[in-house]
Amino acid sequence: MNLFIETFIGGLLAGTMYSLVAIGFVLIYKASGVFNFAQGSILLFSALTFVTLKESGIPFVVAVGITIGVLIVGAIAIERLLLRPLANRSPMTLFMATLGLSYIVEGLAQGLMGAQVHPLDLGIEDVPIFIGGVLISQFDVVAAITALVLVAILALLFNKTRIGISLRAVADDTRAALSIGINLNRIWQIVWAVAGIVGLVAGMLWGARQGVQFSLSLVVLKALPVLIIGGFTSIGGAIAGGLIVGAAENLAETYIGPFIGGGITPWFAYFLALAFLYVRPAGLFGELAIERV
Amino acid sequence: MTNPAQDNSDHILDVRNISLSFKGVKAISELSFSVARGEICALIGPNGAGKSSLLNILNGVYLPDSGEIVFGGEHFRQIHPLEAARRGIARTFQNNALFKKMSVADNILTGLSRHTRTNLIEQALKLPRARREELDFRERAESLLEFLELQSYRDIVVGNLAYGIQKRVELGRALVSSPTLLLLDEPLAGMNADEKAEMTEFVVSINRDLGVTVVLIEHDIGIVMNLSSHVVVLDYGCKIGDGTPAEIQSNPDVISAYLGTVQQRRADEPVH
């Protein structure tokens, strides 16, 4: 029983890291209807910027501040050069544009800051500790708490501020939002910047675990099943999806793994997502687009 | 830039030779009319006459093929929805376009977007200027809720409200921005007689007490004739009548467009 609880909780905690990545997608998808394939590259870019600054001796907080500044400038540039000229194009066109963007951002990151692996030490020891008789990774606990705090901040931003109300208005009905004088371009800039900051947090945590390197950008592929399970339009869904994927992966590896020779983790999430597509194509919390025809 | 001889200052809006087509199909052709400051102007006409399309041109949702809009002395070949909102053109939509998952109060608050003067940083840090603005917005939203008798719905999520109330909330969201021109696309559609009477009173009060010029689309001819001081009749994208309700009622083109089928029937079956 202890093994089950350990596996389950370990999985949930690891799942919060998936949730963090997925939230970045949901933010942009809700506000602009774009599936942002570049989210992974932006995550890599931000983590790499942060680690490079830190390696050059800049203090932690200052490095985070500068990186956020860079992300804001980047978001404004993306809105001006990519989203604004392509406004009102089909979702596929925009998706292709973000695919191109992901290569540009990735190339820029490696061109400017090199392709070697950077170790990142956030000062959290990655040693397991006993909590109530269950062995749990300390790092996972810190990551989960970080994710929780970030989600709480986002919830405050969306529900308690005027900008948040405008963001929700745009997500709900873009045409109406425009007609009452909400500046759509500004909203896009804000959302892309916020998604970038969420990416930075996720990138720092992932980077601390496996080093800041090119493969970080591939977490985009891991976010996909999370989004399919949780739904593309719900932050709550992204959290639930991440937790489900994390727990299911861990449990499957422990209990099914031995029978089929292990190595389940890389593909089990996709298997789960496929099952969800059969049963609930909009995801747990997603909305099916219903249109009058 | 503007020729004063051409601009009639008691006109708040001039529509000049506007044409619009969708993939070659004419929706509006060479349409011109004027709206006087402070009047209620009704657009009437059969379905597909181009009324909603015209409203969409007026606030920039559609781009006309040719012609121009003169609003408040400024000439526009095309106007962007954001520009229209900032210049004081507010509107409602035919099939409510509210933010369904937000409360009534939040929906009303969004209507004040065009008056935002503080930037994101000021708001995030809750600097005095941003705080004053927030307080001012809350007060304006509150007095609007009172005006439209919506206080009891303040915190209810809009999607859960009855259709008639939703229409009133949408009117509120447009009105809270203190517009100079209010465009209402079928404000009475789908309402029962009581709700219609109530809504009509609100529109009259908005026009008379708040001095807002109103352009509205409505199918209920009885109400249109009582409510408006100016009626423009469209049929197949062309203007077939323009004048006071009394003039419209005696206009032979309008009568044949509206009652044409009846006249034919009379010819077919002369006696009852």
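## Two domains in chain B

Chain B is assigned domain 1 (1-88 + 179-272) and domain 2 (97-177). These bounds come from an automatic or database domain assignment. The model is predicted: local features need pLDDT of at least 70, side-chain atom pairs count only at pLDDT 80 or more, and totals for chains, interfaces and linings use all residues. Residues are numbered from 1 along each chain as its sequence is written, while chains are lettered from A and ligands numbered from 1 in the order in which they are written.

The C-alpha centres of domain 1 and domain 2 of chain B are 28 Å apart. Their contact takes 11 residues from domain 1 of chain B and 10 residues from domain 2 of chain B. Two residues are in contact if their C-beta atoms, placed from the backbone, lie within 7 Å.

## The domain 1 side

Which elements give two or more residues to the side of domain 1 of chain B that touches domain 2 of chain B? They are α2 and α7 (193-209) of chain B. Helices (H or I, at least four residues) and strands (E, at least two) are DSSP runs, numbered from the N terminus. The largest share, four residues, comes from α7(B).

By class, this side of domain 1 of chain B has eight nonpolar residues, one polar and two charged. Ala, Val, Leu, Ile, Met, Phe, Trp, Tyr, Cys and Pro count as nonpolar; Asp, Glu, Lys and Arg count as charged; the others, Gly among them, count as polar.

## Where chain B meets chain A

The contact between the chains takes 24 residues from chain B and 18 residues from chain A. On the chain B side, α2 (81-86), α3 (104-110) and α4 (120-124) each give two or more residues. Here α2(B) gives the largest share, four residues. The chain B side divides into 10 nonpolar, six polar and eight charged residues.

## Two positive phi angles

Most residues other than glycine have a negative phi. Lys126(B) has a positive phi of about 50° and is not a glycine. This lysine sits in the loop between α4 and α5 (128-147) of chain B. Glu186(B), also not a glycine, has a positive phi near 50°. Its place is the loop between β7 (181-185) and α7 of chain B.

Is each residue buried or exposed? Lys126(B) is exposed, because 11 other C-beta atoms lie within 10 Å. Glu186(B) is buried, because 20 other C-beta atoms lie within 10 Å. A residue is buried if 20 or more other C-beta atoms lie within 10 Å of its own, exposed if 12 or fewer, and partly exposed in between, with C-beta atoms placed from the backbone.
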